[in-house]
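Colleague: I would like a close look at one part of this model. Please take me through a pair of packed helices and the residues between them.

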Amino acid sequence: MLEVKNLRKTFGAIRAVNDVSFNVERGEVLGFLGPNGAGKTNTMRMITGFLPPTSGTAIVNGFDIRTSPLDAKKQIGYLPENAPVYSEMTVFNYLRFIAEIRGFTGAARDARVGGTVEKCRLDGVRNQSIGTLSKGYRQRVCFAQALLHDPAVLIMDEPTDGLDPNQKRVVRDMIRDMAREKVIVLSTHILEEVDAVCSRAVIISHGRIAANASPDSLRRRSAMHGAVEILLDKPLPEAATLLRSLPSAASVQEEGGRFVVMAKDKDRLFHDVFALVKGGSWAIGGIRVLDGRLDDVFRDLTMNDNGTARPESAA
Amino acid sequence: MDAVRNTKAIFKRELASYFESPVAYVFLVVFLVLVQFLTFFIGNYYEMNQADPRGFFFWHPWLFLILVPAASMRLWSEERRTGTIETLLTLPVSLFQALLGKFLAAWVFIGLAVLLTFPIVLATAYLGAPDKGVIVGGYLGSLLLAGTCLSVGMFTSALTRNQVISFVLSVVICLFLLLAGWPPITDMFVKWAPRLVELVASFSFMSHYFSMQRGVIDLRDLAYFASAMIFMLAATHQVIENRKAA
């Protein structure tokens, strides 16, 4: 497992990462979310031992990255932002170099490289130099580099950035396949990705953790969560007033024939609205309970009026 | 064991990377052509009518001045520019292992260029009877000088992500270290700052290089080159440690 303890990083007067702590267990996929410049990359660089923290540390599968960095690094597979790999090398030679550094020799090395090439679907380009490959393939080479030693902890900085939708799906499928037996941390600013692969999300803003919860429970914090949407087929002038008068409704937004009733009492709202619609025999085209949107929660947590972070404990 | 294995893996990769691009071939050809040109056309090696390889070794420092920084400028600046330094230093290797592997690879590469000049020595041996000690001392001095220039070049390469800046800086530093002890230059200054000149001259490559060229392998000269390289490697280590992500 991965324990991140009170990580801080300051560059001069700038506090890039400010007291970030979280734990990730085996089998979890943690999505690390935040606007650009929030401190995601610096946090990951500290966990992987690239940047020395100003204070705090990370314990990777029992090894402290500050006191036993080489042992800790052996536990980690890391995909840095923009997938930096040696462009003049061929895919095969590059992976062989990684295998040697990861301690595989002779037949074991060749088996590792072969297996990884297959797993990351790089067979077709194994003898091409990396510089001639497309962005998607380069990303996959770097992914292969991170997976080659079958690490217990996999850390990925924006693994799907710059990929086309098909390539994104391939990467997500691979992450999901590995999720059960590994600790996975990935950073992203694509919210749909959190829903697609993550079991938990940490939102970081201005170097601080603003939320640490499952995507569902984050969505529950949205103002839209539990609101009821109704589409009216025939206009009904008094609809807004009637809806607003329900005891479980907080407010009503109207837009053409679409009404959104915000909840005061999430448990009762739908029944109340449904009873009203049914009783009045309204001609409706649809009625549904809204889930709330991650974007809204994300925006609320990472932007506020005075532009500073709003520290908040885990839900 | 890990340390040796890691250093070896980085050494192999780095050495191969010279040959995976045209850099290696351009470098080797230019070096060998220039050595011949300087020795035979500028140095009038034949016309001197002496089987003295010093006329050949004399030119090595000036070639290293230009060509070693060209071979070393990408060592770290390229890693930094492309971001591969992040992948490299998050592998289970220490910075020292990475540093040593790269340094040795570049040194072996330049050493290869130096040793490929052997036909000149063979020709000299065919035409006359050169002193074997001078040949051995000359090559040893040349390799140590190349290593020292290389350690300077690796240091400047760690300072910046721009290869041109790295190249220019290391040419300037090497030029200073070459000229500081070169008699025509020291003679100019010796009249008005004798103490300072001595101090600065003691940092210079040249006196140690010339003394080895005479075929005398003095421990003090070896210690000079070794300590210069160790100092530059330690400085490089410090620079990278402090400015990894910059």
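Modeller: Take helix α9 (residues 132-159) of chain B and helix α14 (residues 219-242) of chain B: they pack at an angle of about 15°, and their axes are 9 Å apart. The model is a predicted one. Angles under 35 degrees count as roughly parallel, so α9(B) is roughly parallel to α14(B). The crossing of α9(B) past α14(B) is left-handed.

Now the residues. On the α9(B) side, the contact includes B:Leu144, B:Gly147, B:Thr148 and B:Ser151. Further along α9(B) come B:Val152, B:Met154, B:Phe155, B:Ala158 and B:Leu159. They meet a set in α14(B), among them B:Phe225, B:Ala228, B:Met229, B:Met232 and B:Leu233. B:Ala235, B:Thr236, B:Val239 and B:Ile240 of α14(B) also belong to this contact.

For a strand counterpart, turn to chain A. Strand β1 (residues 2-11) of chain A pairs with two strands that I can describe here. It runs antiparallel to strand β4 (residues 55-60) of chain A, joined by 5 bridges. In that pairing, A:Glu3 stands opposite A:Ile59 of β4(A). β1(A) also runs antiparallel to strand β2 (residues 14-24) of chain A, with 8 bridges joining them. Here A:Thr10 stands opposite A:Arg15 of β2(A). β1(A) and β2(A) form a hairpin, with 2 residues between the strands. In its turn, A:Gly12 has a positive phi of about 60°.

Technical notes
Residues are numbered from 1 along each chain as its sequence is written. Chains are lettered from A and ligands numbered from 1 in the order in which they are written. This is a predicted model: local features need pLDDT of at least 70, side-chain atom pairs count only at pLDDT 80 or more; totals for chains, interfaces and linings use all residues. Axes are lines fitted to C-alpha atoms, for helices over the stretch in contact, and angles run from 0 to 180 degrees between N-to-C directions. Helices (H or I, at least four residues) and strands (E, at least two) are DSSP runs, numbered from the N terminus. Angles under 35 degrees count as roughly parallel, over 145 as roughly antiparallel, 65 to 115 as roughly perpendicular and the rest as oblique. A crossing is left-handed if the near helix is turned anticlockwise from the far one by less than a right angle, and right-handed if clockwise. Two residues are in contact if their C-beta atoms, placed from the backbone, lie within 7 Å. Two strands pair if DSSP finds at least two bridges between them.
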